[in-house]
Amino acid sequence: MAKILIIGGGWAGCSAAIAAKKTGADVLLTERTDLLLGLGNVGGIMRNNGRFTAAEECIAMGAGELFAITDACSTHRNKDFPGHGHASFYDPEKVEPAVRGLLADMGVETKLTTRITDIRKTEKRIESVTSAEGENFDADVFVDCTGTTGPMGNCMEFGNGCSMCVLRCPSFGPRVSISAKAGGSDYYGLRDDGTPGAFSGSCKLDKGSLSRELQRQLDEEGVAIVPLPEHLVNKSKLTKKVCRQYALRQFAENIILIDTGHAKMMTPFFPLEELRQVPGFEKARYLDPYAGGKGNSIRYMAVTERDETLRVRGVENLFCGGEKAGPFIGHTEAIVTGSLAGFNAGCMAGGEELLALHPEETAIGAFLHYEKPGGGMFTFAGDAFFDHMKAVGLYTTDKKQIERRIADAGLTGRYNAFL
Ligand SMILES: Cc1cc2nc3c(=O)[nH]c(=O)nc-3n(C[C@H](O)[C@H](O)[C@H](O)COP(=O)(O)OP(=O)(O)OC[C@H]3O[C@@H](n4cnc5c(N)ncnc54)[C@H](O)[C@@H]3O)c2cc1C
């Protein structure tokens, strides 16, 4: 049986593993930490703006398993907040074990605390990889889903130091880019001022550390918007963060909280002493990153060049998904690109033709071919690419219309073609 090795167990890696498994291959997923989901262990916003369309396209193509989990583990559904419509918020503490269980049920072998640090290759093909502990893994096809965040040196050089985020580099060792090791060309995503990378755009506060009134609002309404006193408004933070979809005036003038089980605060960092001056936040504590009073993780440090099938340029048997595959922001973005990467890895292993999604047929295809004017990161959820979706008629929340679009492109159930 063909063997596929997925490196990195964030949303992209989990999604790639599922798609690859459904092509009939033997699949191993290696992850350097003790948790799946990577950055998906924080955050939780799904289905906002164009993410709804992208999720439904992916479901119609046959890769609905992970969206079924995030929908089922949502604390709130169909919520609006500034600049965003029909969002749902998942609870990461429920989602991670559910994804782990799904992979096990599907027969995907998962090796946690296994950090790939080296590869053995011929001129253009990877033969095998080695973990930091010296274990060797060979495969026919490989998928790099190692993300673009950190490690500590990058957070120190381009951020405010290690923010102690969920990736926990000091404990589990630094991220290693497999594409770079294999001879691919990695590049930085850039901030508006040309600085490499950008700060992650939100933090997680312990909901129990907030006032009873804020807790009630979050539990009942899912969103709380708290105006900031004038002296605490800092608009310069808007230009530093990854999430261009939240670079709106309302996010600088207010604290916007989202209920994901805990309280997701929509700002990259906020000095604790200042935060505690805001009514309701007098006893606030950070859960992620632990040093959210000082900084946040730095992302987009290792995006790689790839073709439209998500094959890494210059390496015959390596695909990529998630942030690795482009300056893509988001869980949905990682899931939809991971699915295509894993599926194509399976197609290559089985000697089948690779799948490319055309930009005029689907929102996902348009996304994979998009380059933001002036460069920079983008997402289905707002800013330039969402405007593009609306301009070319690709944004809709009509599920029937999305199913028709996928059928017209001959893509209905494509990810299940080999079951
Ligand atoms: C604080 C924060 C809040 C966010 N909020 C949201 C939100 O609400 N909604 C949304 O849609 N998006 C959100 N995002 C963005 C979203 O989480 C990411 O864009 C997406 O999850 C990236 O997925 P990925 O799989 O590409 O990368 P990652 O999640 O970075 O996963 C990469 C994985 O690879 C592992 N790895 C790296 N190197 C190796 C190696 N050599 N060997 C083995 N394993 C390795 C890492 O440990 C990691 O688990 C948020 C991000 C952050 C940081």
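Modeller: This is a predicted model. Start with Asn254. Its relative accessibility is 16%, and buried means under 20%, so Asn254 counts as buried. Asn254 sits in strand β15, which covers residues 254-260. Its side chain reaches the backbone oxygen of Gln250 at 3.0 Å. Now set aside the neighbours within four places in sequence. Asn254 is then in contact with Ile225, Val226, Pro227 and Leu228.

Next, the domains. The chain is divided into domain 1 (3-79 + 88-193 + 299-416) and domain 2 (198-288). Their C-alpha centres lie 27 Å apart. Contact involves 30 residues of domain 1 and 26 residues of domain 2. Between them the two domains bury about 2100 Å², with 55% of it on carbon and sulfur atoms. On the domain 1 side, His76, Arg191 and Arg299 lose the most area to domain 2. Together these three make up 24% of what that side buries.

On the domain 1 side, β4 (74-81), β5 (84-90) and α4 (92-106) each supply at least two residues. The largest share, three residues, comes from β4. By class, this side has 11 nonpolar, 10 polar and nine charged residues.

Salt bridges do turn up in the model. Side chains of opposite charge can pair when their charged atoms come close. By this rule the count comes to 22 salt bridges. One of them joins Arg405 to Glu57, with the closest N and O atoms 2.7 Å apart. Arg405 lies in helix α14 (residues 399-408) and Glu57 in helix α2 (residues 50-60), so the pair ties together parts 348 residues apart in sequence. Like Asn254, both Arg405 and Glu57 are buried.

Arg125 and Glu316 give another salt bridge, at 3.7 Å between the closest N and O atoms. Arg125 is in the loop between β7 and β8, Glu316 in the loop between β19 and β20, and the two are 191 residues apart. Arg125 is partly exposed, at 33% relative accessibility. Glu316 is partly exposed too, at 36%.

Lys390 and Asp387 meet in a salt bridge at 4.0 Å, N to O. They are three residues apart in helix α13 (residues 383-391), so about one helical turn separates them. Finally, Arg47, Glu56, Asp71 and Lys399 are linked in a network of salt bridges.

Note on methods. Residues numbered from 1 in each chain as written. Predicted model: local features only at pLDDT ≥ 70, side-chain atom pairs only at ≥ 80, totals over all residues. Heavy atoms only, no water. Domains from an automatic or database assignment. Contact = heavy atoms within 4.5 Å. Buried area = accessible area lost by both parts, 1.4 Å probe. Helix = DSSP H or I, 4+ residues; strand = E, 2+ residues; numbered from the N terminus. Nonpolar A, V, L, I, M, F, W, Y, C, P; charged D, E, K, R; others polar. Buried < 20%, exposed > 50% of the residue type's maximum accessible area, 1.4 Å probe, protein only. Polar contact = N/O pair within 3.5 Å; in protein donor to acceptor, adjacent residues only side chain to side chain. Salt bridge = Lys/Arg side-chain N within 4 Å of Asp/Glu carboxyl O.
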